[in-house]
Amino acid sequence: VGQVRAHGITQIAIFGHSHGGGSTHDLANVLDGDRAFIGAFTIQYTAYLDAISNNSEFAVVRENNLPPGTLFHSNLYQTGGGWLGDPIVAGAENVDVTNWNGGIAHGEIDDDPDVYSLIRSRLENRVER
């Protein structure tokens, strides 16, 4: 918020892994809801890496709501933990990385070089320097 208001930053990108994905949704929601107070900006890009919702302290479920205000969203997920629920985010680029590089688990998805490359590519294509 300080960068938008004081330094004229107009493009924002947010991404996170696990509960950081839930926080990505929550931050986008707050920013989108406070636009009039914050100033002019766009949420150019958001991404989830096997995102877990922050809506409950007791249930561990996927965050599968599109971040409010995002212009483009990547949802990268693995299906090894099927108990987490449906991995699909409507309106997003949904990418199942379960079998990339011999298999990716929840704790590995954020360290995988191909996942990193995809996120970086999408970010560079959507946010101007």
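**View 1. Thr98 sits in the loop that links strand 4 (93-96) to helix 4 (113-126).** Helices (H or I, at least four residues) and strands (E, at least two) are DSSP runs, numbered from the N terminus. This is a predicted model, in which local features need pLDDT of at least 70 and side-chain atom pairs count only at pLDDT 80 or more, while totals for chains, interfaces and linings use all residues. Residues are numbered from 1 along each chain as its sequence is written, and side-chain values use heavy atoms, with hydrogens and water left out. Thr98 counts as buried because its relative accessibility is 15%; buried means under 20% relative accessible area (1.4 Å probe, protein chains only).

**View 2. Here are the polar partners of Thr98, Asp96 and Thr79.** The side chains of Thr98 and Asp96 are joined by a polar contact of 2.4 Å. A polar atom of the Thr98 side chain also lies 2.7 Å from the backbone nitrogen of Thr79. A polar contact is a pair of N or O atoms within 3.5 Å; within protein, one must be able to donate a hydrogen and the other to accept it, and residues adjacent in sequence count only if both atoms are side-chain atoms. Neighbours within four places in sequence aside, Thr98 is in contact (heavy atoms within 4.5 Å) with Tyr77, Gln78, Thr79, Gly103 and Ile104.

**View 3. Now for the sheet: four strands form an open sheet in the order 1-2-3-4, with parallel pairing.** Strand 1 (11-17) and strand 4 are the edge strands, each pairing on one side only. Two strands pair if DSSP finds at least two bridges between them; strand 3 (residues 73-77) and strand 4 run parallel and are joined by four bridges. Ser74 stands opposite Glu93 in strand 4.

**View 4. Helix 4 packs on the sheet, where it touches strand 1, strand 2, strand 3 and strand 4.** Its direction makes about 170 degrees with that of strand 2. Axes are lines fitted to C-alpha atoms, for helices over the stretch in contact, and angles run from 0 to 180 degrees between N-to-C directions.

**View 5. The largest nonpolar core has 11 residues, including Tyr45, Leu76, Val97, Ile104 and Ile119.** Such a core is a set of buried Ala, Val, Leu, Ile, Met, Phe, Trp, Tyr and Cys residues joined through side-chain atoms within 4.5 Å. Strand 2 and helix 4 each supply at least two residues of this core. Residues up to four places away in sequence not counted, Ile104 touches Gln78, Val97, Thr98, Ile109, Asp112 and Val115.

Conventions:
Buried means under 20% relative accessible area, exposed over 50%, partly exposed in between (1.4 Å probe, protein chains only).
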